[in-house]
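Visitor: I am new to this structure and would be grateful for a close look at a single part.

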Amino acid sequence: MLLSSSTYARVVRASGWYDLVVTAPFATPWTYRLLHDALALGGPADRMTVLYANLMGSVVLVWSLLRVLRPLPLYGLLDGVARVLFAGWQAYALTQGAAAVVWLFLVVEIAWGVAQLAPWARRNTLRNLPGLDPETP
């Protein structure tokens with residue numbers, strides 16, 4: 001089923017809002033430490049873990065803000081692809097003994113990925129969504 005372009009834009013925007021809220025605590029060393037403690041991840045986070053969490057948080061915040069302000073179909077497609085990658089790494093982490101809280105994030109990543117990628121499964125979808133026509137340079 002093909003979503004209308006306005007419905008798809010609402011999905012893209014909502015995924016951006018979700019990411020803004022969930023990812024904000026990763027964006028600074030201070031908020032990440034609070035999150036780390038709140039999730040009872042055990043032991044202090046080492047400097048490199050904090051750095052990578054802050055880098056990831058910062059990039060995802062900017063990407064999220066872009067989708068909130070301009071929920072273009074292309075951004076939904078790319079975000080769906082990113083969610084497949086995130087879900088893959090989360091699943092891998094779970095097989096390596098990651099904290100059970102990762103299951104919650106994995107389920108949400110899969111749900112957002114399906115919501116944003118499913119409309120692309122139909123033929124000619126690229127031409128049907130405004131803002132993404134492969135024949136337009």
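Which are the buried residues of α3?

Guide: This is a predicted model, in which local features need pLDDT of at least 70, side-chain atom pairs count only at pLDDT 80 or more, and totals for chains, interfaces and linings use all residues. Residues are numbered from 1 along each chain as its sequence is written, and side-chain values use heavy atoms, with hydrogens and water left out.

Helices here are DSSP runs of H or I with at least four residues, numbered from the N terminus. The buried residues of α3 are V50, A53, N54, G57, V60, S64, R67 and V68, where buried means under 20% relative accessible area with a 1.4 Å probe, protein chains only. They pack against α1, α2 (29–38) and α4 (73–95), a contact being heavy atoms within 4.5 Å.

At the start of α3, a side-chain oxygen of D46 comes within 3.0 Å of the backbone nitrogen of M48.

One of the buried residues, R67, is touched by S15, which also touches D79, R83, W112 and Q116, leaving aside residues up to four places away in sequence. S15 belongs to helix α1 (residues 5–23) and counts as buried because its relative accessibility is 0%. The side chains of S15 and Q116 make a polar contact at 3.1 Å (a pair of N or O atoms within 3.5 Å; within protein, one must be able to donate a hydrogen and the other to accept it, and residues adjacent in sequence count only if both atoms are side-chain atoms).

Note on methods
Helices (H or I, at least four residues) and strands (E, at least two) are DSSP runs, numbered from the N terminus. Buried means under 20% relative accessible area, exposed over 50%, partly exposed in between (1.4 Å probe, protein chains only).
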